[in-house]
Amino acid sequence: LVLAPAIVAAAPAAAREGLPFGKVFSCFMAACAVGSATFSLCSAKGLRAEAFLLPVLLGAAGALYLASSPPAATMLQRALSMSHKP
């Protein structure tokens with residue numbers, strides 16, 4: 001994973017020390033577990049992967065768009081700078 005350099009580059013200089021890498025990693029692992037469980041449930045119901053791939057990809061594209069939009073990036077920078085003030 002190349003998350004750490006990307007997070008450090010996106011964070012304001014004042015907030016770079018003490019970034020919550022543990023929380024980021026645990027959220028990533030939780031998302032992987034939820035995706036795996038969802039796939040298992042859909043497969044157990046007899047759905048083929050092709051049947052639910054399009055909605056999953058569209059949802060992922062929408063989430064990435066929202067996360068990378070300028071208002072979301074500004075809110076993330078504000079949250080990072082506020083959470084690390086002494």
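Good morning. Of the 20 residues of helix α3, one is buried, so this helix lies largely in the open. Buried here means under 20% relative accessible area, exposed means over 50%, and partly exposed is in between, with a 1.4 Å probe and protein chains only.

Before I continue, a note on the source: this is a predicted model, in which local features need pLDDT of at least 70, side-chain atom pairs count only at pLDDT 80 or more, and totals for chains, interfaces and linings use all residues. Residues are numbered from 1 along each chain as its sequence is written, and side-chain values use heavy atoms, with hydrogens and water left out.

Let me stay with α3, which covers residues 49-68. At 1.5 Å a residue, its 20 residues should span 28 Å, and the end C-alpha atoms are 28 Å apart, which agrees. The expected span is 1.5 Å times one less than the number of residues.

Turning to the whole chain, the protein has four helices and zero strands, in the order α-α-α-α along the sequence. Helices (H or I, at least four residues) and strands (E, at least two) are DSSP runs, numbered from the N terminus.

How does the overall shape compare with a compact globule of 86 residues? Such a globule would have a radius of gyration near 12 Å, whereas the protein has 17 Å. That radius is taken over C-alpha atoms, and the globule rule is 2.2 Å times the number of residues to the power 0.38. Along the principal axes, the C-alpha atoms fill a box of roughly 55 × 25 × 20 Å. Of the 86 residues, 10% count as buried.

Among contacts (heavy atoms within 4.5 Å) between residues at least 6 apart in sequence, 50% join residues at least 24 apart.

Next, the charged side chains. One salt bridge is found in the whole structure, a salt bridge being a side-chain nitrogen of Lys or Arg within 4 Å of a carboxyl oxygen of Asp or Glu. E50 pairs with R48, their closest N and O atoms being 3.2 Å apart. E50 counts as exposed because its relative accessibility is 54%, and R48 counts as exposed at 56%.

Finally, the cysteines. The structure holds zero disulfides, defined as pairs of cysteine sulfur atoms within 2.5 Å. For C32, the nearest cysteine sulfur is that of C27, 11 Å away. C32 is partly exposed, at 39% relative accessibility. For C42, the nearest cysteine sulfur is that of C32, 16 Å away. C42, at 18%, counts as buried.
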